[in-house]
Amino acid sequence: MTDTRHPMTGNEMSYYAEGGIERHRYDVVVVGAGGAGLRAAIAAHEAGAETAIVCKSLLGKAHTVMAEGGIAAAMGNRWLEDNWEVHFRDTMRGGKMLNHWRMAQLHAQEAPERVLELEDWGALFDRTEDGLISQRDFGGHKYARLAHVGDRTGLEMIRTLQQRAVQVGIDVFMECTVTDLLKDDAGALSGVFGYWRETGRFVTIEAPAVVLATGGIGKSFKVTSNSWEYTGDGHALALRAGASLINMEFVQFHPTGMVWPPSVKGLLVTESVRGDGGVLKNSEGKRFMFDYIPDFFRAETADTEEEADRWYDDKKNNRRPPELLPRDEVARAINSEIKAGRGSPHGGIYLDIASRRDPDFIRKRLPSMYHQFKELADVDITQEPMEIGPTCHYVMGGIEVDPDTELSSVTGLYAVGECSGGMHGSNRLGGNSLSDLLVFGRRAGEAAAAYVAGLAQRPAVTDESVRAGEWSALTPFQVEGGDNPYTIQQELQQTMNDLVGIIRTAEELTQALVRIEELKERAQRMSVEGHRQYNPGWHLALDLRNMLVVSESIAKAALARRESRGGHTRDDYPKTDPEWGTKNLVVRLDDAGTGVTLAEQPLPEMPDDLLRHFQ
Amino acid sequence: MATTDHGVTSPTRARIDVRTLRQDRWWLSPLTTFVVFTAFVVYATLRAFMGRDYYATPYLSPFYSPCLGDCVEGASDFGQPFAWWPLSAALIILIFPLGFRMTCYYYRKAYYRAFWLSPPACGVAEPHGSYSGETRFPLILQNVHRWFWYAAVLVGLVLTFDTVLAFRPMPAEYAVGDGETSGVHMGLGTLLMIVNIAFIWLYTLSCHSCRHIVGGRLRHFSRHPVRYRLWTWVSRLNESHGRWAWYSLFSVAIVDLYIYLLATGTIQDVRFF
Amino acid sequence: MAYDLKLRVWRGDRDGGDLQDYTVEVSEGEVVLDALHRLQATQTGDLAIRWNCKAGKCGSCSAEVNGRPRLMCMTRLSDFEPEETITVTPMRTFPVIRDLVTDVSFNYRKARELPYAELGPRDADGKRRMMQVDVERGQEFRKCIECFLCQDVCHVVRDHEDNKQHFAGPRFFIRYAELDMHPLDTHDRRKLAQEAAGLGMCNITKCCTEVCPEGIHITDNAIIPMKERVVDRKYDPLVWLGNKIGIRNKDNEGRAEV
């Protein structure tokens, strides 16, 4: 290739090459170009660091575009009573008190300013009558708090950040996958190793600071709202680099995913449908959520349909409808109804807004949902109820980081967004993820830039580490007659869905771990056809390693936690156990580097001035 | 075919030899447009140059209104300032509606596709080797559309006046009953003119330039509530601008044809009262 | 109801390629992308497809189905007869990389040349105020998922490679319109839109609007209003005269030409 600029990005491809591998040098490399990655990159750039973003897809396609409902931020535009302390309390209670208190605090305090910043950069949020940013109701939030744009808030957010990143001139390595983190001999991070998806060529980027913002792990499950990119890359990269994961047993199943047609099973149906008046009904037409109100939330939840319906217009004198309980509660309730045989023909239950709001309102407030059902399922949601069921949506667990800087236990390695852990405890409230991306994205970017600025000497990229990365990436081509990666992926997804899903038992989890071991064995002998240029089979083979180690982490942690809490429900231990409420489970790579080990760790202690919110 | 290797067959693109893989009848729409527009142009040209049979009491053909040349008796409601004009009176004023339609955003789309094949249909390669859009003379003149719109509003007012006049009592020889003429008259011609003027106004008011002028140019609708209302209203009409363009094209031709047939004595006006 | 679907898929790269025939089993409710995924998983492991969300939200899986620019994830098989052969090719306006994947860097280059939002200072309480009616027009354009189908279908660049240099394309005209209609933005970009972005190249034949999967009225609500705004600035003697004698559209006050 004589052209030295990359055709996709215009990046210089052969900055200088050693051993045929393209090399670049930056201060901060951000892996992932969703909301968190872009915000981190902007912050690092503004702090003066030479910054690059590496992402698996084209810029602007990251999973953040799928976020629908809104960004939770206590701006008080709708309810003057709302402030960061209320938001903090809602977040902690939603996470069943397992959240890192400091992260929840920073998140609640800084979210409003982060939202206003988006507006400075050109975002056009829906407005209140006074011209302020409108805020909508969502499950688990005491006040209407979600800044939104119809039901496509994620798109607005990523486009705004993308345009900002392009404006300030950040380099973007598009369709480039990072397969390894490189470290120097002292154990400090020195860069990343990866390949261009388009050409299959390898690339090394030297950088003392790497911010992981790779998102979640949903693709390990069969029914999921997540896109193909969600293969737990950041989780796995961090593990292999020596960092620890926390809270991996907590996986959020969104209560409302599409169940039909089969090709879109799992596709998200936004919580805004319920926030805007939609209700859940079983095949008998019963609004069943009133039967599933847990004691923990009884005081603040309406117990009659009349009160629940009044709440939409008069929030002061009425309690919230049970449809707007946190997601874990609603998902479990739906699951029970389906199991009890009161499900819909395609194995879901009904989400009905058609009989409760007029068509114009629905089309205006929920345009994407209207479009999605019309186009994909031939269902007019202004006329008929939707059929929905739980879908794997979000992993609360992730890389364990310092709350203020998002630094992991590896020097120079930062993590933000879904691939980091702690912020959401055992269950994330809707709307808290977009604000999480912004708040901690910025913090990580600034911390990473400051770390690099203070370095006397940059950690060196060693030739061995680059060669090791190359060798391991090419392994799938060296095997002939082995398993097809698509087959292994399908079996893994089925295993996770059936055995590590929404309701878990010790027996099934043990069985899952056995199967994962088998799949790990087979993955050693995967083979792919074709060559390195834009070869999805090869890409999957590399991603699959990450999915396997992440799945193992989830199953192991789920087996160890013998209680039910938030996104982790054990049929054999259905009660929440106060004893377990004092500790986190931490996962690390084992000494052989082929599996993971588990340890308990006490929860960080909340200071008294915050503790008073819960007494 | 001209040098299509500037386009879908240029060297970096996926090598596919046909200029389109569309399997539907994509050629139907441009062909229809071509046939109908051509027919209209031929008819309108003939009628415009004819210089006669454009007035049959009390109807004046829209092709000749306002009749400012040396027109037949009763046709000139605005005087005859161009009485010296040697050619057909239609040629004096027809430039305005014609210019309005030629520069209209909808007609541009229609004739660029049907006559220029630029492009003939979406995803079908055009035959031209180079293309400069509306950046150069003469097509840069398309930007004067709003001037023709101002003129079209005036023409619309005149045609409205003509339609009112179409209710005039008929001369005695056409009177019904015992020879008295009623205070008003309505015939099939009146009805056609009403329909026509309705379409003309729908077409004129749904114009993109109109939409811009009444409110589209504003950045703050909230500070101009009346203009915002107007804009909303015009926007709704504008969605069907293409439809009004076709309907008014037909209605103008039909009114003219009807008057021609009356004026030549081929048919008699159908009177309602 | 499962049946065997006949597919013709373009396979190849920049050096050449052709349409190849496949038969793949599909079932009710599936879309073109499902059929291709099954093909990939069972017969052609290295078939290159670009896709992400499979829900019509990210705009990655743009291609041409039976010659029409479409999102593969939103093209339902039930729109075709079961015995019909469906032809899928990469977008024909952009350089091909491999199979159905094209090099869309043209669009990212154009994005870099684009102006950005430049708002004035916030209100005294640190917030901004904009009325819903004032942001609605811009919001329509911000629904854009950047699938680039409008760029693909636009004959200005589809049929004339040489125009790519001076023509930003429909996707970016809506960005110009969005900024020009932003109630708080401080720049006047009409000159840029006309000169740098090549707005005059557009002959409003509306294919961009026809293919937009988000149903954005690209031509009527963005391109034509932008053309009219350019006319305001350049071709309208009344506006010019008004400016000379001091009658100005106060609505545009505080904006600086860039």
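A crossing of two helices is called left-handed if the near helix is turned anticlockwise from the far one by less than a right angle, and right-handed if it is turned clockwise. In this predicted model, the term applies to α1(A) and α4(A), whose crossing is left-handed.

Helix α1 of chain A covers residues 35–46 and helix α4 of chain A covers residues 153–168; the two pack with their axes 9 Å apart, at an angle of about 30 degrees. Because angles under 35 degrees count as roughly parallel, α1(A) is roughly parallel to α4(A). On the α1(A) side, the residues that meet the partner helix are A:Gly35, A:Leu38, A:Arg39, A:Ala41, A:Ile42 and A:His45. On the α4(A) side, they are A:Met157, A:Ile158, A:Leu161, A:Gln162, A:Arg164, A:Ala165 and A:Val168. Sorted by class, the contact of α1(A) with α4(A) contains eight nonpolar, three polar and two charged residues.

Chain A also holds an open sheet of five strands with mixed pairing, in the order β20-β18-β13-β21-β22. The edges are formed by β20 (420–421) and β22 (596–602) of chain A; each has a single partner strand, so one side of each is left without a neighbour in the sheet. Further in, strand β13 (residues 245–246) and strand β18 (residues 398–400) of chain A run antiparallel and are joined by two bridges. In β18(A), A:Ile399 is the bridge partner of A:Leu245.

Two helices lie across strands of this sheet. Helix α5 of chain A, residues 233–241, lies across β13, β18, β21 (583–589) and β22 of chain A, and runs at about 35 degrees to β18(A). Helix α16 of chain A, residues 536–560, lies across β13, β21 and β22 of chain A, and runs at about 45 degrees to β22(A).

Most residues other than glycine have a negative phi, and most peptide bonds are trans. A:Asn247, which is not a glycine, has a positive phi of about 60 degrees; this residue lies in the loop between β13 and β14 of chain A. A cis peptide bond joins A:Trp260 and A:Pro261, with omega about 0 degrees. A:Pro261 belongs to the loop between β14 (251–258) and α6 (272–275) of chain A. In chain B, a cis peptide bond joins B:Ser118 and B:Pro119, with omega about -5 degrees. B:Pro119 is placed in the loop between α4 (105–114) and α5 (145–165) of chain B.

Chain C is divided into domain 1 (3–102) and domain 2 (105–257). Taken over C-alpha atoms, the centres of these two domains of chain C are separated by 33 Å. Their contact takes 12 residues from domain 1 of chain C and 13 residues from domain 2 of chain C. The side of domain 1 that touches domain 2 of chain C comprises six nonpolar, four polar and two charged residues.

Within chain C, helix α6 (residues 170–180) and α9(C) cross at roughly 65 degrees, and their axes come within 9 Å. α6(C) passes α9(C) in a left-handed crossing. From α6(C), the residues C:Pro170, C:Phe173, C:Ile174, C:Tyr176, C:Ala177 and C:Asp180 meet C:Ile218, C:Ala222, C:Ile223, C:Pro225, C:Met226 and C:Arg229 in α9(C). This contact of α6(C) with α9(C) has 10 nonpolar residues, no polar residues and two charged residues.

Helix α9(C) also takes part in the contact of chain C with chain B. That contact takes 52 residues from chain C and 46 residues from chain B. Elements of chain C giving two or more residues to the side that touches chain B include β1 (3–13), β2 (16–26), α3 (132–141) and α9 (218–234). With seven residues, α9(C) gives the most to this side. The side of chain C that touches chain B has 20 nonpolar, 15 polar and 17 charged residues.

The contact of chain C with chain A takes 47 residues from chain C and 52 residues from chain A. Here the elements of chain C that give two or more residues to the side touching chain A are α1 (32–42), β6 (96–98), α2 (105–113) and α3. α2(C) gives the most to the side of chain C that touches chain A, with five residues. By class, the residues of that side divide into 20 nonpolar, 12 polar and 15 charged.

Definitions and conventions: Residues numbered from 1 in each chain as written. Chains lettered and ligands numbered in written order. Predicted model: local features only at pLDDT ≥ 70, side-chain atom pairs only at ≥ 80, totals over all residues. Contact = placed C-beta atoms within 7 Å. Helix = DSSP H or I, 4+ residues; strand = E, 2+ residues; numbered from the N terminus. Nonpolar A, V, L, I, M, F, W, Y, C, P; charged D, E, K, R; others polar. Domains from an automatic or database assignment. Pairing = 2+ DSSP bridges. Axes fitted to C-alpha atoms, helices over the stretch in contact; angles between N-to-C directions. Parallel < 35°, antiparallel > 145°, perpendicular 65-115°, else oblique.
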